[in-house]
Amino acid sequence: MIPLLRERFVKKLEWIEEEELIKLAAIGQSSPGAMVVNLNVLIGYRLLGIRGAICAALGTAIPPLIILTFIFYFYDLLINNRYVSSAFRGMRAGVAAVIADIVVNLAAPYLKKEKMLYAFIMIGAFSLSWFFHFNVAVIIVISGILGALVGFVRDRRRQGT
Amino acid sequence: MTLIELFFSFCLIGVLAFGGGYAVLPLIQEQCVEIHGWISMAEFSDLVTISQITPGPIAINSATFVGMKVAGIGGAVVASVGFMIPPFIIVTILFAIYRKYGNQKIIKNILEGLKPAVVGLIAVAAVNVILEAVWGEAEVSIFSADVLTAVITLGAFFFLRKLKTGVIATILTCGAISVFFEIVMSYFA
C-alpha cells in the first residue's frame, strides 16, 4: 500500500515528501485501527487539517462500503444455492489454512532465545483466551503493560551497568 | 438499540486493533460471533474470504457486512464510522505528540508487548476457523470430521507453506475443488 501512496502523493501530485510519508506511516502503525485508514487520515490531516482528515477517512471508507454492500446482497441471495454454498465451504478450508500460515509466519520471529519473554506473552495470550476465555480487551491491556515493563527494565539494565 | 450496540462494538474493535491487518480478526470474532451472535462462525470465515478478494481493510469490510446483516445500510454506515472514530482521535493525538516530542520510547515498548499477544490471539481465531471448517456445528471428534474439508485444509496449508502459492489463488482453488466434488456427488445421489 505504501508504494501506492508514494506513487500518487509523493511523485505524481507532489503534495508531500517521501520522508514525511514514512514518518506518518510509523505513526499509523503505532496507533490502533486499520493502517490504511490511519495513514490516509494522517496525510489528510497534514495537508488540510481536520477537514482533510475527515475527507481522507470518507474517501478510504466509502469504496469498501459500497462494494461490500453489493457483495452482501449477492451473498445473501446466493448462499442457499447448493454449489455456491459448497464453494464457500471449500473456501473456508482455504481461509483456515491461510490464517494458520499467517500465524506460523508471525510467530516464527518470537521463537528465538532473545525473544523468549515475548514468546511467553504470545503463548500466554493464546492460553488466556483459549483456555480461560479472557476478554480480548483484558489480554491486550495486560500485554501492553507487560511490554512497557519489559522495555523499561531492559532500558534500565543498559543504562545501569 | 441495535445501531447503538453496533456502533460501540466497532468502536471497541477500533480502539483495540493493534498490530496490523489480521489483528482485527480475534476482535471481530469476539464481538460479532461470540458476544452478540450477529454472524455465525461460518459467515465470519466467509467474511475473511471476501476480504481477500475485495479492496479495503478487513475491518471496514466486516463492519459493512455485519452492519448490513444486522441493520441494513444504516447498520453498515454506523459500524464503519464506529470503527474509524477511536483510531481517528488517537492518531491525531499521536501526530501532535510525535511532532512536539518525537518518537516516544514508551509507546514503542507497549507495542512490542502487544505484538506477540496479538499473534497469540490470531492463533485462537485460526483454531476457531479450522474447527468450524472441518467440524461445523458438530462435536469435535475423529468420526464427525468432514474428511474432504480436512484434506483440503491440510493440502492448502502445504501449498501455502512449501510451495508459496498465493493467498487468493489458494482460497479460490479450495472453493473450486469443493464445488467439483459437489457436482460429482450430485450424479450419485
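**Ground rules.** This is a predicted model, so I kept to its limits: local features need pLDDT of at least 70, side-chain atom pairs count only at pLDDT 80 or more, and totals for chains, interfaces and linings use all residues. Residues are numbered from 1 along each chain as its sequence is written, chains are lettered from A and ligands numbered from 1 in the order in which they are written, and side-chain values use heavy atoms, with hydrogens and water left out.

**Helix packing.** I began with helix α3 (residues 35-78) of chain A and helix α4 (residues 58-101) of chain B, whose axes come within 10 Å and cross at roughly 160 degrees. Helices here are DSSP runs (H or I, at least four residues), numbered from the N terminus. Axes are lines fitted to C-alpha atoms over the stretch in contact, and angles run from 0 to 180 degrees between N-to-C directions. The angle makes α3(A) roughly antiparallel to α4(B). For that word the cut-off is over 145 degrees; under 35 is roughly parallel, 65 to 115 roughly perpendicular, and the rest oblique. I also noted what lines the contact of α3(A) with α4(B): 26 nonpolar residues, six polar and three charged. In this count Ala, Val, Leu, Ile, Met, Phe, Trp, Tyr, Cys and Pro are nonpolar, Asp, Glu, Lys and Arg are charged, and the others, Gly among them, are polar.

Next came α4(A) against helix α7 (residues 167-188) of chain B, which pack at about 140 degrees with their axes 7 Å apart. That makes this pair, α4(A) and α7(B), oblique.

**Salt bridges.** How many salt bridges are there over all chains? My search of the whole structure gave 10, each being a side-chain nitrogen of Lys or Arg within 4 Å of a carboxyl oxygen of Asp or Glu.

I looked up B:Asp46 and A:Arg92, a salt bridge with its closest N and O atoms 2.7 Å apart. This pair crosses between chains, from helix α3 (residues 41-53) of chain B to helix α4 (residues 82-107) of chain A. Both B:Asp46 and A:Arg92 are buried; buried means under 20% relative accessible area, exposed over 50%, and partly exposed in between (1.4 Å probe, protein chains only). For A:Arg92 the relative accessibility is 10%.

B:Arg161 and A:Asp101 were next, at 2.5 Å between the closest N and O atoms of their salt bridge. B:Arg161 lies in helix α6 (residues 147-161) of chain B and A:Asp101 in helix α4 of chain A, so this pair joins two chains as well. Buried or exposed? A:Asp101 is buried at 11% relative accessible area, while B:Arg161 is partly exposed at 25%.

Then I checked B:Lys105 with A:Asp155, a salt bridge at 3.0 Å. B:Lys105 sits in helix α5 (residues 105-135) of chain B and A:Asp155 in helix α6 (residues 136-160) of chain A, so the bridge joins two chains. A:Asp155 is buried at 17%, and B:Lys105 is partly exposed at 45%. A:Asp155, A:Arg158 and B:Lys105 are linked in a salt-bridge network.

A:Glu14 is not a glycine, yet its phi is positive, near 55 degrees. A:Glu14 is in the loop between α1 (2-12) and α2 (18-30) of chain A and is exposed at 65%. B:Lys164 likewise has a positive phi, about 50 degrees, without being a glycine. I found B:Lys164 in the loop between α6 and α7 of chain B, exposed at 64%.
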